[in-house]
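Please read the model below from its strands to its helices.

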Amino acid sequence: MNPTLRRIILFSILLCCGNHAHAEPPRWVRGINLNGPEVVIDGRRWDGDASTQWKCNGQRMENKVIDLQPPLRGDWNSMIRSSRWGRDLSIELEVMEPGAYQVVLYIWEDNQSAKFQLAIQGVTVEPDIESGIAGAWKRLGPYEADAIDGRIRIHATGGDANISGIELWQGKGDLVESPSIDLKSTEATESIAFFEKRIRPILIDHCYACHSQEASELGGGLLLDSAAGWQQGGDSGVPIIVPGSPDRSLLVLAIEQNHDAWKMPPDDRLSQEQIKDLIEWVATGAVDPRVEGNTTRRSASDSIDWGTAREFWSLRPIQKPSAPSVDNAAWCANDIDAFVLASMNAQGLEPATDADPRSLLRRASYDLLGLPPSPEAVEAFAADPSQAAYEQAIDLMLNSRQYGERWGRHWLDVVRYSDTAGDNSDFPIPQMILYRDWVIGAWNQ
């Protein structure tokens, strides 16, 4: 080779290697905690909602009850469970320096799954985001964006978007991920959300009648109310699903009804959308969170010991037992007190002294109304703690609307009533507020 040409080639290689070795990775600019204080997570600063370097038009929301899926700890957990939300949600970041940036967003769902679109700098980057089941969170991005007039604008439209936090990086290339967050676990959460929203309802509505522990007559020995059921299969002992292979799965053969001996459900064919969802579920690994259950058919008559069951207290004949003898009989106002005191003495306990008038009224008010009494009511009862005054105070509480709200809540809990947002966004049954008010009124009447 010509010596001059060789030197040129070597110089070019060294130049390229040198450029590659000194290529700067993306630089962390800052994180933004959209509804909370300034925090430091994994050594990186996140601006809080007091910062003047960003603004957002969304409403504030925080839910400390629902568990995140997948779980998170510490400041990650607090940051994601507190968010800004809205159907037309705009966020503007002041980035100061011109150039190329990368944006990462954290979203989560606190009640009903919602769909929305996401745009950055006016360009749609996510046309159809589904938030998932309650508690699910997702990390979206990174999305590349150039600063315009020193700003980056984010816009979510079409549905209730809950955005918790934003990462802002300057430069291109792979980001240096936080060590304390497992991003791969979000994929499993999305698969579970797909099962709960699309697959479990199909199985319940179209399969459980013949293929569950509660079926009056089990079809083909096949149970579909647990993952263990379809993994074992029916009487043939052959699993009806081969995760990742719809063409080898008996379930898919049955629901497509292309075989004379395999047609499920036998009476009504599933819709094309339902068949598509089941095939997608199988193709993506048949993730099934139903770890409970077994493959042994239970018989109600065989599993109950009727002799033992008849000894349960509510099934035994009513009796009037004699009140036990206690040392401090003067403390007992009735027979029930005697039973209580006997049990306390057996544990080496003694009853507390009688409550003073102020404490007595507060206890009664918290029991009946779930609220403290007014200062005026406390002072009036303290001045006249007679039995007549006590009965009058109790009657006032029983006649208040708060009594129905306090005790109607117990029945509403039994029927699993809840307000999702507390306003006219209570999907999917906005009329449930009428039932709530009826229960409260029934208690008050």
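Predicted model: local features only at pLDDT ≥ 70, side-chain atom pairs only at ≥ 80, totals over all residues.

Residues are numbered from 1 along each chain as its sequence is written, and side-chain values use heavy atoms, with hydrogens and water left out. Helices (H or I, at least four residues) and strands (E, at least two) are DSSP runs, numbered from the N terminus.

Two strands count as paired if DSSP finds at least two bridges between them. Strand 4 (residues 54–56) runs antiparallel to strand 6 and is joined to it by three bridges; Lys55 has Glu92 as its bridge partner in strand 6. Strand 5 (residues 59–62) also pairs with strand 6 in the antiparallel sense, over four bridges, and here Gln59 is partnered by Trp85 of strand 6.

A salt bridge is taken as a side-chain nitrogen of Lys or Arg within 4 Å of a carboxyl oxygen of Asp or Glu, and a search of the whole structure finds 16 of them. In one, the side chains of Arg30 and Asp47 meet at 3.3 Å, N to O. Arg30 belongs to strand 1 (residues 27–33) and Asp47 to strand 3 (residues 44–47), so the pair ties together parts that are 17 residues apart in sequence. For burial, the classes are buried (under 20% relative accessible area), exposed (over 50%) and partly exposed (in between), with a 1.4 Å probe and protein chains only. Arg30 counts as buried because its relative accessibility is 4%, and Asp47 is buried with a relative accessible area of 3%.

A second salt bridge brings together the side chains of Arg153 and Glu92, 3.1 Å from N to O. Arg153 lies in strand 11 (residues 151–170) and Glu92 in strand 6 (residues 82–94), so this pair ties together parts that are 61 residues apart in sequence. Arg153 counts as partly exposed at 35% relative accessibility, whereas Glu92 counts as buried at 18%. Arg358 is partly exposed at 39% relative accessibility, and Glu379 is partly exposed at 45%. Through shared partners, salt bridges also join Lys55, Glu92, Arg151 and Arg153 into one network.

A polar atom of the Lys138 side chain lies 2.3 Å from the backbone oxygen of Glu130. Lys138 counts as buried because its relative accessibility is 13%.

Ser236 sits in the loop between helix 4 (227–232) and helix 5 (250–256). Ser236 is exposed, with a relative accessible area of 57%. Its C-alpha atom is separated by 8.5 Å from that of Gly221, 15 residues apart along the chain.

Helix 10 (residues 357–369) has 13 residues and reaches 18 Å from its first C-alpha to its last, close to the 18 Å expected at 1.5 Å a residue, where the expected span is 1.5 Å times one less than the number of residues. Its buried residues are Leu361, Ala364, Ser365, Leu368 and Leu369. Seen down the axis of helix 10, they fall within an arc of 100°, so they line one face of the helix; the arc is that of the directions from the helix axis to the C-beta atoms. The cover over these buried residues includes helix 11 (375–383), helix 12 (387–398) and helix 13 (401–414).

At the N-terminal end, helix 10 is capped by Asp356, with a side-chain oxygen 3.1 Å from the backbone nitrogen of Arg358. After helix 10 comes Gly370, whose phi is positive, near 75°.

Terms used. Contact = heavy atoms within 4.5 Å. Polar contact = N/O pair within 3.5 Å; in protein donor to acceptor, adjacent residues only side chain to side chain.
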